Amino acid sequence: MKKSERPVTIVLSDKNQSVLDHCEKLLANEWSMWVIGHGSSEAEVLEVVQRTQPGVIMLGLDLVNDRKMGLIQLLLTKSPGSRLLLLADNDQYGVSDALASGACGVLMYSDMDTWLVKAIQKVSEGEPWISRKLAYQVVEHLRTLSCQVAANP
Amino acid sequence: MASTGKILLLSEDPETCNKWKQDLAQSFAVHIVNHSDDYESQCETHQPEIILYNLDGIDAALNSAALLQKVIVLRERFTEIKFVAFSNQPDDDLVMDLMHAGIHGFSSKDISAEVIQKIVTSVLSDEIWISRKLMQRLIMELASNAQFGIQSLNTSSLDQLTAREREIALLVAKGENNKKIASMLNIAERTVKAHMSSIFQKTGMNDRLQLALLVHNYLQVTEK
């Protein structure tokens with residue numbers, strides 16, 4: 001089977017069960033994308049990711065913020081081949097931290113219906129997924145921080 | 001869409017200037033600056049909202065460092081103005097340097113009227129315009145400069161490892177402990193520990209988590 005024909009395996013994780021249910025529904029007719037696990041707590045997602053080694057981990061930002069991005073790094077050590085797609089609202093500072101910690105992309109909850117499938121596809125292919133607007137906000141935030149670090153070595 | 005947005009085109013190539021002016025004049029007020037010596041004074045005079053800078057043409061005779069310096073001077077002096085650079089000979093490293101210098105977008109030069117209008121509208125709406133690949137690299141490099149986590153890891157240190165050391169590093173990245181690694185590779189646990197000491201020394205990592213993330217970064221880069 002060619003790499004492009006292999007289904008994308010996905011673990012869904014978010015504190016909100018209705019978000020997990022909605023994602024499953026959106027992916028139900030995507031034969032090339034298989035949901036192989038869920039988690040709605042840090043412990044659950046760590047266990048299922050280590051056990052299943054998914055191609056894509058979808059992770060709600062609210063789960064990450066509890067551990068200040070350490071969860072992202074921990075997940076990526078448990079499953080080094082996985083790519084992480086963050087689900088977020090408009091919390092731009094959490095997004096900057098998450099991207100810097102290893103997340104491959106960010107999808108807004110409000111954009112899920114339109115872009116979920118494409119975002120998973122792109123991230124699984126190794127491409128980042130972030131809107132131009134959000135990228136601008138993240139870049140400006142990081143540029144400001146870089147200047148502060150440079151001014152105070 | 002009518003707009004009072006003012007655009008300054010910086011280019012020593014008249015053909016490019018005329019095409020862009022034609023493509024943009026319906027929606028924006030466009031002014032052309034042909035001579036590189038005039039760039040700063042014209043920016044001061046016209047106070048545009050956005051500068052479109054053609055890096056090709058006479059400026060192509062400059063080496064990358066000199067070209068970057070020209071852009072930095074303009075960018076630092078006119079901080080409120082959005083800045084997009086264009087070139088048909090893109091050098092990823094130069095593009096990244098320009099993005100670090102604070103420009104808001106980069107594109108090839110030979111683009112349709114629709115695309116250049118989209119670029120201008122997008123950047124004026126506080127969006128970034130670069131390829132996905134470079135977007136990811138930019139965020140990672142900025143995060144490293146901002147001393148976020150361990151994204152400043154230099155994965156080239158992994159090239160210094162022996163084949164066995166790389167094998168062990170990969171197993172560490174998968175979360176295996178020394179005892180399990182020894183069992184999997186049919187070697188003594190003390191041998192694994194000796195290899196780990198060497199791996200930490202060669203890579204400069206302080207612990208297994210850092211090593212795991214270094215390996216993860218390396219795998220992501222080499223897969224592309």
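Predicted model: local features only at pLDDT ≥ 70, side-chain atom pairs only at ≥ 80, totals over all residues.
1. Chain B overall. Chain B contains 10 helices and five strands. Of its 224 residues, 47% count as buried. Looking at contacts in chain B between residues at least 6 apart in sequence, 62% join residues at least 24 apart.

2. Main core. In soluble globular proteins, nonpolar side chains tend to be buried together. The largest nonpolar core here has 63 residues. The residues with the most contacts inside that core are Leu59(A), Leu75(A) and Tyr53(B). Leaving out residues up to four places away in sequence, Leu59(A) touches Ser13(A), Val64(A), Leu71(A), Ile72(A), Leu75(A), Leu84(A), Leu85(A), Leu86(A) and Leu87(A).

3. Second core. A separate core of 20 residues is also present, and includes Val19(A), Leu27(A), Cys104(A) and Leu107(A). Cys104(A) has a relative accessible area of 6%, so it counts as buried.

4. Cysteines. The whole structure, searched over all chains, has zero disulfides. Cys43(B) counts as buried because its relative accessible area is 0%.

5. Side chains of opposite charge can pair when their charged atoms come close. The count is 13 salt bridges over all chains. In one of these, Glu47(A) pairs with Arg51(A), with 2.8 Å between the closest N and O atoms. Both residues belong to helix H2 (residues 42-52) of chain A and sit four residues apart, about one turn of the helix. Glu47(A), at 43% relative accessibility, is partly exposed, and Arg51(A), at 54%, is exposed.

6. A pair between chains. Glu127(A) forms a salt bridge with Arg132(B), and the closest N and O atoms are 3.5 Å apart. Glu127(A) is in the loop between helix H6 (112-124) and helix H7 (132-151) of chain A, while Arg132(B) is in helix H6 (residues 132-145) of chain B, so the pair joins two chains. The relative accessible area is 27% for Glu127(A), which is partly exposed, and 31% for Arg132(B), which is also partly exposed. Lys122(A) is linked with Glu127(A) and Arg132(B) in a network of salt bridges.

7. A pair within chain B. Where in chain B do Lys202(B) and Glu165(B) lie? Their side chains meet in a salt bridge at 2.9 Å, N to O. Lys202(B) is in helix H9 (residues 189-203) and Glu165(B) in helix H7 (residues 163-173), 37 residues apart, and the pair links distant parts of the chain. Lys202(B) is partly exposed, at 28% relative accessible area. Is Glu165(B) buried or exposed? Glu165(B) has a relative accessible area of 5%, so it is buried.

8. Rolling a probe the size of a water molecule over the atoms shows where empty space is left.

9. Pro128(A). This residue lies in the loop between H6 and H7 of chain A. Pro128(A) counts as buried because its relative accessibility is 6%. Apart from residues up to four places away in sequence, Pro128(A) touches Cys104(A), Arg132(B) and Gln136(B). The C-alpha atoms of Pro128(A) and Arg83(A) are separated by 9.5 Å, with the two residues 45 apart along the chain.

10. Lys109(B). Which residues does Lys109(B) contact, leaving aside its neighbours within four places in sequence? They are Asp13(B), Thr16(B), Trp20(B), Asn54(B), Asp56(B), Phe86(B), Ser87(B) and Asn88(B). Lys109(B) sits in the loop between strand E5 (105-107) and helix H5 (113-124) of chain B. With a relative accessible area of 12%, Lys109(B) is under the 20% limit, and so it is buried.

Definitions and conventions. Residues numbered from 1 in each chain as written. Chains lettered and ligands numbered in written order. Heavy atoms only, no water. Core = buried A, V, L, I, M, F, W, Y, C linked by side-chain atoms within 4.5 Å. Buried < 20%, exposed > 50% of the residue type's maximum accessible area, 1.4 Å probe, protein only. Contact = heavy atoms within 4.5 Å. Disulfide = S-S within 2.5 Å. Salt bridge = Lys/Arg side-chain N within 4 Å of Asp/Glu carboxyl O.
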